[in-house]
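Have the viewer open while you read.

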Amino acid sequence: MRTIQSYIGALLILLAMWSCEKEGGLIVVSGFETSQLSSDVTDIILTADNQETPVLAFSWTESTLSLSDGTMKAPASIPSVIIEASTSADFENIISINPSANPHIMTGLTLNTLAKNMNMAPWESAPIYFRSKAALGQNTAPKYSEVISVDVTPFAIDMSKGFILNGDKEETGHFLYSPESDGEYHGFMNATGWMGWYLREGDATTWGNLNVDGNEFVLFNDEENHWNMWFPGLGGAYYTTLSTNNGEWTATYIPTLTVEGDVTGEMTFNRTEVSWLISFTTTADHAQFTVSGPAKFYDRTTGTVDAAAIDKDFAIIPGDENSIDYSFSDEATAFTVPTAGEYTLEIFLANPTNLNYTITSGAVVIEDPISEYLYLPGIDNGDDWTFNNYLRLVSDMDSTFAGVVNIDSKWGYNMSLELNEWTEVYKMGATEGTLEFKGANNITAPDPGLYLMQADLKNLTYSHTAVSEVHYSGLNDQWDLMPMTETSSVGTFAASVSIEQPSEWGIKIYLNNNWDLFFGGSEGTLAYSAEGITDDASVAAGTYDLIANLTQSSYVFLGNEVYITGLNNVWDYTSVVLTKAETGIYTGTATVSTASPDGFRIQLDQSWNRYYGGSFESLDYLGNNLTDDQSLAAGTYNVTINFITNTCSFELAE
């Protein structure tokens, strides 16, 4: 045991930059050099949109230590490295950062929190100075790198919104509201039975449920161990509160809302819009009516047991300028309709900062259930029927769908609101162009080709419009129709575009030289008859390939290079650079030395904001990191990324 103890003692003393006597000699360490610290960027503008994205990477040169006793090896943990940050070049005030690896990656939120802790003013650019501090042990003289600086524009962290995430911790677009930014959140939600969810605060703290059975409605913010929160088994409208101070959340189920007074009836809950609506007819001027209903309250004392839920009343209170309030009582306040006629009342609850209502002329009917997709089994089938083709929802209010489909149908096709549903489907009506729910005959398909399809489930109609030409317009606020060329993939069109300035109204994709047939969209997704694409406001001026995949409802702007970040756990823009081989196709080489623990991304530029994830077989814009490399053997690979087919390949180089 004496020899082992001597080695341990030698290592401990070596960490203190001393030497010890062993077998009558000295053990001396050498090779400890000053590190050179570097960063991948020098100017960063932080926003709420890039808070989860890697925005800054530090790397430093490492010393190769050697010991005079060749039987011993210096531990990998020395020298220890700390990155020091300061708002002054003389490092009068210091915040220390313990790097996780070399390179050390900082997300937008981590850097923004650092700026906040350094009392930097939001929305103003100022330098943060960094240096590395390396030491062989405590109480030893450290070696400092040269100082580098990064200009950082932080953003103010908004703690008034708690963002609702689904059970996979993906954004839903909805939020709960904390008026005082004090951790007390509330709002209305649409929930299916037993729906799981999380809440993420503005500082990225994510709340779930305590991971102990019998503790429903008890909060827990340990992301490694918490469970998702879940609603009771009743699906529909819920008023939800969440208190980070008390560590609890509550759910109040509102099964129905009833209209009483000069107008009577039951309101319909519009799940997608998180709103309630009813159409009615008044025969007299100045008709008045109230809106109220029962409610069931769930919290940590009741759990999700329906029998234990506490019965309450719920009432809507109309206010000035079409605003509304609400009360958990039976004291509803009346709405007034000034003149007789047919109307639709809709109460909007999705935005807790702007609860409001509208009363519009005419009646509205919602087909229920409504899906985001209308599947088209049989429309491109050969002898097989699949659900690979679909139209996207255009209007939940009008039950309309649209999309571009490559039709090649042998036996006709059906329309289904649910994946793999073969019975509850829409078929041909009495004549072509009409639909019948659970009708007798398949919908007759046109001749094979590319078609814009539209379906109206409210009025039970559909249409096929052959796509003959595709143009874009609106770029640089120029509204001439500019042609796009179909690629080798049917339904995918491309054009070389020059971005000079952001377009005021966005860019749209037009079909058949018809100003009424167009797609807008955002975040890589095309949507029929939507607002214009505004990506040109966030990418640098220059020349790009605009690629629009109409059949997959996607688009992308591509430059001359793309970058793989995260491969071998290296997050920079220089390790793997792929260059344009032809429109939509990029090639290059990459060396795989170790599996990327967090996967990797295909960055379209150096902003961290435009990237593809997904898998080799199906690239997904802004999708989860690719992890296919984790099954690759170490070696050098020829890499091809095809944005026409949204695929990626790694082929081992000979």
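1. Start with lysine 580, which comes out partly exposed at a relative accessible area of 33%. Keep in mind that this is a predicted model. The side chain of lysine 580 meets that of aspartate 545 in a salt bridge, 2.7 Å from N to O. The lysine belongs to strand E51 (residues 577-582) and the aspartate to strand E48 (residues 542-549), so the contact ties together parts 35 residues apart in sequence. Aspartate 545 counts as buried, with 5% relative accessibility.

2. E51 is also part of an open sheet of eight strands, ordered E55-E54-E53-E50-E51-E52-E56-E57 and paired in the antiparallel sense. Its edges are strand E55 (618-621) and strand E57 (647-652), each pairing on one side only. From one strand to the next the twist averages 30 degrees.

3. Within that sheet, take a look at E52 (residues 585-592) against E56 (residues 635-642): eight bridges, antiparallel. Threonine 591 sits opposite threonine 636 of E56.

4. Back to charges: the whole structure has nine salt bridges. One of them joins lysine 133 and glutamate 84 at 4.0 Å, N to O. Lysine 133 is partly exposed at 27% relative accessible area, while glutamate 84 is buried at 5%. Another pairs aspartate 605 with arginine 610 at 3.0 Å, N to O. Through shared partners, Glu84, Arg131 and Lys133 form one network.

5. Finally, the hairpin of E39 and E40 has four residues between its strands, and leucine 460 there takes a positive phi near 55 degrees. The two strands pair antiparallel over six bridges, with tyrosine 462 in E40 as the bridge partner of alanine 455.

Key: Residues are numbered from 1 along each chain as its sequence is written. This is a predicted model: local features need pLDDT of at least 70, side-chain atom pairs count only at pLDDT 80 or more; totals for chains, interfaces and linings use all residues. Side-chain values use heavy atoms; hydrogens and water are left out. Two strands pair if DSSP finds at least two bridges between them. Axes are lines fitted to C-alpha atoms, for helices over the stretch in contact, and angles run from 0 to 180 degrees between N-to-C directions. Buried means under 20% relative accessible area, exposed over 50%, partly exposed in between (1.4 Å probe, protein chains only).
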